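Please keep the sequence and the structure in view while reading.

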Amino acid sequence: MRLSQLFGKTQREIPAEADTISHQLMLRAGMIRQLTAGVYSYLPLALRSLHKIEDIIRDEMNKAGGQEICMPVLQPIELWEKSGRGASFGQSLFRLFDRKERELALGPTHEEVITDLVGRSVQSYRDLPLLLYQIQTKFRDEPRPRGGLVRVREFVMKDLYSFDTDAEGLDINYQKMIAAYKNIFSRCGLPVIIIEADSGAIGGKDSNEFMAVSEMGEDEIIYCESCGKAANAEKAQSLKVKADNSSPLPMEEVATPGYKTIEEVCRFLKINPVNTLKAVFYMADNEFVFVCIRGDVDVNEVKLKNMLHCVDLRMATEQEVAAEGIIAGFASPIGLKNVKIVADESVASGTNFVAGGNKNDLHIKNVNYPRDFKADIVADIALAAAGDGCTECSAKLLATRGVEVGHVFKLGTFLSEKMGAFYIDANGESKPIVMGCYGIGVGRLMAAIIDINHDDKGIIWPQNIAPYQVYVCPLFLEDTRVAEKAESLYKELENMGIEVLYDDRSESTGVKFNDADLLGIPLRITVSPRSLEKGCIEVKWRSEKKAELVPVDEAAKKIQEMLTVK
RNA sequence: CGGGGUGUAGCGCAGCCAGGUAGCGCACCUGAAUGGGGUUCAGGUGGUCGGAGGUUCGAAUCCUCUCACCCCGACCA
């Protein structure tokens, strides 16, 4: 490809809208262009890389026994009502009406469609196991798209769905997919860590995420260096510091004039947050919930939501709190009636806590659970934090951020039951198909790859997914020797089946080199009068500083060798 | 949805406070010189000033409404 003909120009200045590296580089390299919030056009360079990523994914999916299919983006809303997940996707589901006023959704994912499809096709255990996948555009009306391709509303995703007769079969396929994913990310030049995850709106039991560790990541990862355990902060468990455990004393009122927050109360009473209980108020599907948790620990809303089995969870407003007769700032679970109380396990982790007095300017000392109040539910709803102890080995946990590039779920049978996907087993009994689903965000993956593989000059493509392998860069094109040699080398390499980007522009040396660095093509070939004098051309890896002189006659062969070996 | 910010040429920005013929840099076009890391000079093309309404002799500028985009939060496979 001649650079002068390539659609998509490089830009020197960073568009103001981009503040993550991958977004900036993709815009500057002329790879993508935003149409509206979270919706992008992919220009040739980006599309070439995307296709390469897709081909790697395809290859690994096929090797694992997957069969590729294509499913509708337009999906009748009834399908979502049937699975019950329309509600959990909520506002994120793009909805539209056809001319007959029938409601449709733009598919945010394809579990419903495929379960319906497979349910109609599969009849016998002999038809299972079955692995089907698709690489397609999906739509989600995200509240806030961000980070360029990291979170968008229209995006290409690979989803594989596994169908088994039983949990053992699912386990096998689950492990098979994890192995395939490791291959995929490694072939893409992206180091990932596998962490435990919450399964969210998708539902299901076991769930793991593949995270690219990166500052631009939206997810917080809590991990243990000593034993290797790692989990999404939404899911992570941890050992909290020990609270006071002296023998329980009688409750005692204490005046705390105007001291409402945990810090204020602690400073005033000269105690530690670990020895306090705090109250947080939520509305769970319009039911008021009083959450009680130790003062030094924060509520993990994902855990809380899962525990309450609710669709919508939000903090209660001041009015809603007041309507329950609760005095914010001095709230107490003691003596509360007709309110659902959820306590974190941490409330039972010590004795003689300071809690609210449910009257203005009053707190109560020596509060003990369950002596002084009862909770409807006691569970782990605590947010794990860096510095907490690992539940496996007690070492101090660390935190980092990551981009979720892949996510695998054991769905089990809840979808197949709802959607009516059953098979007949060897005994002639009808049973629900056991499902798993395995996703990779392709565009986001490309962004993560760029984020990991760049320097201050630009992208450094891993060879496998680079849009082109070789950048032929003639200097001083007016020199006919240069022009002829560059041109012939370009054609020769192309004839050898090598993907070449040929910078045929009459730009200055600096411009060309800087664009070459920005675009990040792995191998740069410089053709110049200086090296031609010596009968050579220069070959340089994007990832390395030094160039190598190669005799002109051997150039093409040598380049081919370099590309093969690397 | 709450908070903050920004909309002026393909990109980055100034002009707005104090109303008076729309500017600068990059990019693009023409020409010349130069040229191994965004070189220089000269000339040139390109703008519904996000949109609508209002005030005014006159609005990028003041007022009202509105839309879009970005950031933080909420939310989110």
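Chain A contains 15 helices and 31 strands, where helices (H or I, at least four residues) and strands (E, at least two) are DSSP runs numbered from the N terminus. This is a predicted model, in which local features need pLDDT of at least 70 and side-chain atom pairs count only at pLDDT 80 or more, while totals for chains, interfaces and linings use all residues. Residues are numbered from 1 along each chain as its sequence is written, chains are lettered from A and ligands numbered from 1 in the order in which they are written, and side-chain values use heavy atoms, with hydrogens and water left out.

Taken along the principal axes, the C-alpha atoms of chain A fill a box of roughly 95 × 65 × 50 Å. The chain is divided into domain 1 (11-71 + 107-218 + 399-451), domain 2 (252-379) and domain 3 (468-565); these bounds come from an automatic or database domain assignment. The centres of domain 2 and domain 3, taken over C-alpha atoms, are separated by 68 Å. Of the 566 residues in chain A, 53% are buried, a term that means under 20% relative accessible area, with exposed meaning over 50% and partly exposed lying in between (1.4 Å probe, protein chains only).

Leaving aside residues up to four places away in sequence, Met 446 is in contact (heavy atoms within 4.5 Å) with several residues, including Met 26, Met 31, Leu 149 and Trp 461.

Met 26 also belongs to the buried part of helix α1. Seven of the eight residues of α1 (residues 21-28) are buried, so this helix is largely enclosed by the rest of the structure. Its cover includes β1, β2 (39-42), α11 (442-452), β25 (454-455), β26 (458-459) and α13. Just after α1, Gly 30 takes a positive phi of about 70°. In the segment before α1 lies Ile 14, which is partly exposed, with a relative accessible area of 46%. Ile 14 touches Gln 24 and Arg 28, residues up to four places away in sequence not being counted.

Attention now turns to the RNA. Of the 49 residues around RNA strand B, Arg 140, Arg 144, Met 157, Asp 517 and Ser 528 come nearest; a residue is near the strand if one of its heavy atoms lies within 4 Å of it. Sugar and phosphate account for 51% of the atoms of RNA strand B that come within 4 Å of the protein. The largest share of the surface near the strand, seven residues, comes from α13, a helix that is also among the elements covering α1. In the side chain of Glu 13, an N or O atom is 2.4 Å from a base nitrogen of RNA strand B.

Terms used:
Polar contact = N/O pair within 3.5 Å; in protein donor to acceptor, adjacent residues only side chain to side chain.
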